[in-house]
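Open the model in your viewer and keep the selection panel at hand. The stops below are given in the order in which to select them.

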Amino acid sequence: MNKKYRKAIIAGNWKMNLLPSEVKSFAEELRHLLPKTKTCEVVLCAPYTHIPNLRRSLKDSRIYVGAQDLSLHDKGAFTGEISAAMLDDLSVHYVIVGHSERRQYHGETDFSVGDKAVAVLENGMSPIICVGESLEQRERGLTMEYVRYQTLAALSKIPDDKLRHCVIAYEPIWAIGTGKTASAQQAQEVCECIRRIIRERRGARLARSISILYGGSMSGKNALELLSMPDIDGGLIGGASLKPADFAQIIDAVAQVTGE
Ligand code: PEP
C-alpha cells in the first residue's frame, strides 16, 4: 500500500527519565541536530512534569510534545491522575495509550486502552495505541491472533471520523528495552496484519491513511531497514530517544526512505 497517504512519525518515549531542568538543553541539542525533513512528524512523549518546559523549549520548532498516559476520567476525585483536557490545555498533540509497561505494571486492559484512546480523540489530540505480543505468545505462534484482538478492542469505540487521527504502534514486548529488535520482515508482517484488520473492518480508505509505527530497540543502526518496509510508517523509540544524536539518526533514516 502506498505510503504517500499517511504521515511518517518518529516518536520518542522518554519513560521516567531526565529531569525537568534537563529538558531545555536536550531540546536545544535536538533542534540543532534535526535533519531537514518536511515529511516526518517528530514527537517527544515526556513525563507530565516536563511538559511545560519542553513546550517552551520547542517553541517555533517542528517537534510536537506528547504524553505517556492519561486518566480514563474527565475530572473529579481521582488523586494523582491527569486528564485529557489538562494535557490538551498544555498543547500536547499525542498521547501514548496502552504501552506494555502500563499494561504490565498498572493493570491497563484492552478495554481501558480503548476508552483512553476515545478520551484523547475527544480532546482533539491523537492517541498512539500500543499493541504487541510477549515472547511466549510469539513462540507459541499466537502473535497475529493476539495483536488482532488487541487492535480490535482498542479501536472498537472509535468512530470512523476519529479513526484517521489514531496512530498504532506495534511493539513486541520481547524487543522493548532488550536490545533485541524484530527483524524487518517480522515487524512488516505484523504491521501489514494490523492494516489488513483495519481494512476489513473499517474500509480501505481508513486503512491506507493510518500511520503504523514499529517500536522495540529501534536505533540509528536498524532504523533504515525497518522504515523501508511498506507498512512501517515510523517508530516509537524508548532508549534511543534519550540521546539527541541517536534520535536524530533515526529521523534521518526517514528522510533517506522518503528521498528528501
Ligand atoms: C518503548 O518503550 O516504547 C520502546 C520501544 O523502548 P526501546 O526503544 O528502548 O526498546
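What follows is a walk through a predicted model, stop by stop.

**Stop 1: the ligand and its shell**

Select the ligand and the residues around it. There are 14 of these, and Lys15, His99, Glu171, Gly177 and Ser217 come nearest. Colour the shell by class: four residues are nonpolar, eight are polar and two are charged.

Serine 217 has a backbone N or O atom 2.7 Å from a ligand oxygen. For glycine 238, a backbone N or O atom lies at 2.8 Å from an oxygen of the ligand. Glycine 239 likewise places a backbone N or O atom 2.8 Å from a ligand oxygen. How much of the ligand's accessible area does the protein cover? On its own the ligand has 290 Å² of accessible area, and the protein covers 95% of that.

**Stop 2: the loop between E7 and H11**

Stay on serine 217, which belongs to the loop between E7 and H11. Check its backbone torsions: phi is near 55 degrees, a positive value in a residue other than glycine.

Next select asparagine 222, in the loop that runs between strand E7 (211–215) and helix H11 (223–227). Asparagine 222 has a relative accessibility of 16%, so it counts as buried, the cut-off being under 20%. A polar atom of the asparagine 222 side chain lies 2.8 Å from the backbone nitrogen of serine 219.

**Stop 3: aspartate 233**

Move on to aspartate 233, in the loop between H11 and strand E8 (234–237). Is aspartate 233 buried or exposed? Its relative accessible area is 5%, and aspartate 233 is buried.

Which side chains make polar contacts with that of aspartate 233? One is the side chain of arginine 6, at 2.7 Å. Another is the side chain of arginine 195, with a contact of 2.8 Å.

Aspartate 233 and leucine 213 are 20 residues apart in sequence, while their C-alpha atoms are 5.4 Å apart in space.

**Stop 4: aromatic rings**

Across the whole structure a search finds three aromatic pairs. One of them is formed by tyrosine 64 and tyrosine 94, an edge-to-face pair with 6.4 Å from centre to centre and 75 degrees between the planes. Tyrosine 64 is in strand E3 (residues 63–67) and tyrosine 94 is in strand E4 (residues 94–97), so the pair ties together parts that are 30 residues apart in sequence.

Colour the two rings by accessibility. Tyrosine 64 is partly exposed, at 28% relative accessibility, whereas tyrosine 94 is buried, with a relative accessible area of 2%.

Arginine 208 lies over the face of tyrosine 5, at 3.9 Å from the ring centre.

**Stop 5: aspartate 60**

Select aspartate 60, in the loop between helix H2 (51–57) and E3. What is the phi of aspartate 60? It is near 65 degrees, which is positive although the residue is not a glycine. Aspartate 60 counts as exposed, with 70% relative accessibility.

**Stop 6: two distances**

Finish with two C-alpha distances. Histidine 165 sits in the loop between helix H8 (160–163) and strand E6 (167–170). Histidine 165 is partly exposed, its relative accessible area being 34%. From histidine 165 to glycine 234 the C-alpha distance is 15 Å, and the two residues are 69 apart in sequence.

Glycine 114 is buried, at 3% relative accessible area.

Technical notes. Residues numbered from 1 in each chain as written. Predicted model: local features only at pLDDT ≥ 70, side-chain atom pairs only at ≥ 80, totals over all residues. Heavy atoms only, no water. Phe/Tyr/Trp six-rings, centres within 6.5 Å; stacked < 30°, edge-to-face > 60°. Helix = DSSP H or I, 4+ residues; strand = E, 2+ residues; numbered from the N terminus. Buried < 20%, exposed > 50% of the residue type's maximum accessible area, 1.4 Å probe, protein only. Lys NZ or Arg CZ within 6 Å of the ring centre and 35° of its normal. Near = heavy atom within 4 Å. Polar contact = N/O pair within 3.5 Å; in protein donor to acceptor, adjacent residues only side chain to side chain. Areas by Shrake-Rupley, 256 points an atom, 1.4 Å probe, with all protein chains shown as cover. Nonpolar A, V, L, I, M, F, W, Y, C, P; charged D, E, K, R; others polar.
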